[in-house]
Amino acid sequence: SKELPAKYDNSKLVEYFEREAKRYRLHTIVCESCPAGDTPIALLKQARFRVKEFNSRADKITSYEDLKIAVQNQNIEFYPNKTMISQLKGLETKETLQGNTQIQKAKGSLDDVADSVMFAVSEFTKPQKKRRLSMF
């Protein structure tokens with residue numbers, strides 16, 4: 001999981017991931033679907049990388065719940081990174097006036113590393129759909 005700096009030069013993005021693909025087995029590159037992510041997403045797709053667009057508002061609650069269950073069931077382990085653990089523990093669930101649930105960082109804290117981890121592992125923490133096996 002790696003978050004690029006806000007002023008990252010998009011012209012170097014594909015080169016960066018091509019280098020990383022030689023070092024690691026990249027399965028999917030997860031990018032937040034937002035105006036700032038449009039150009040990087042387009043460049044990565046054009047370079048034939050597998051890209052998953054993540055809508056933070058729509059996907060965040062479900063993905064954090066899936067992550068929490070995966071950790072509780074010991075289906076996933078993390079390197080003990082103090083920043084990540086602190087940010088994950090600092091997340092709060094809040095009900096909005098409209099009756100929706102939001103997951104937010106605690107006042108005065110950050111959640112960029114927690115979000116990055118959640119985005120990165122979201123494909124692997126979703127509950128598996130039950131499949132029907134036909135005997136005929």
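A polar contact of 2.7 Å links the side chains of Thr28 and His27; the term covers a pair of N or O atoms within 3.5 Å, where within protein one must be able to donate a hydrogen and the other to accept it, and residues adjacent in sequence count only if both atoms are side-chain atoms. The model is predicted, so local features need pLDDT of at least 70 and side-chain atom pairs count only at pLDDT 80 or more, while totals for chains, interfaces and linings use all residues. Numbering starts from 1 along each chain as its sequence is written, and side-chain values use heavy atoms, with hydrogens and water left out.

Thr28 sits in the loop between α1 and β1. Helices (H or I, at least four residues) and strands (E, at least two) are DSSP runs, numbered from the N terminus.

| Residue | Touches (within 4.5 Å) |
|---|---|
| Thr28 | Arg50, Val51, Lys52 |
| Met118 | Phe54, Lys60, Ser63, Tyr64, Leu67 |

In helix α2 (residues 38-46), Pro40, Ile41 and Leu44 are buried, meaning under 20% relative accessible area with a 1.4 Å probe, protein chains only. These buried residues fall within an arc of 100 degrees seen down the axis of α2, so they line one face of the helix. They pack against α1 (13-23), β1 (29-32) and β2 (51-54).

Met118 belongs to the largest nonpolar core, which has 11 residues; such a core is a set of buried Ala, Val, Leu, Ile, Met, Phe, Trp, Tyr and Cys residues joined through side-chain atoms within 4.5 Å. Helix α5 gives the most to this core, with 4 residues. A second, separate core of 10 residues includes Ile41.

Definitions and conventions
Buried means under 20% relative accessible area, exposed over 50%, partly exposed in between (1.4 Å probe, protein chains only). The arc is that of the directions from the helix axis to the C-beta atoms. Lists of a residue's contacts leave out its neighbours within four places in sequence.
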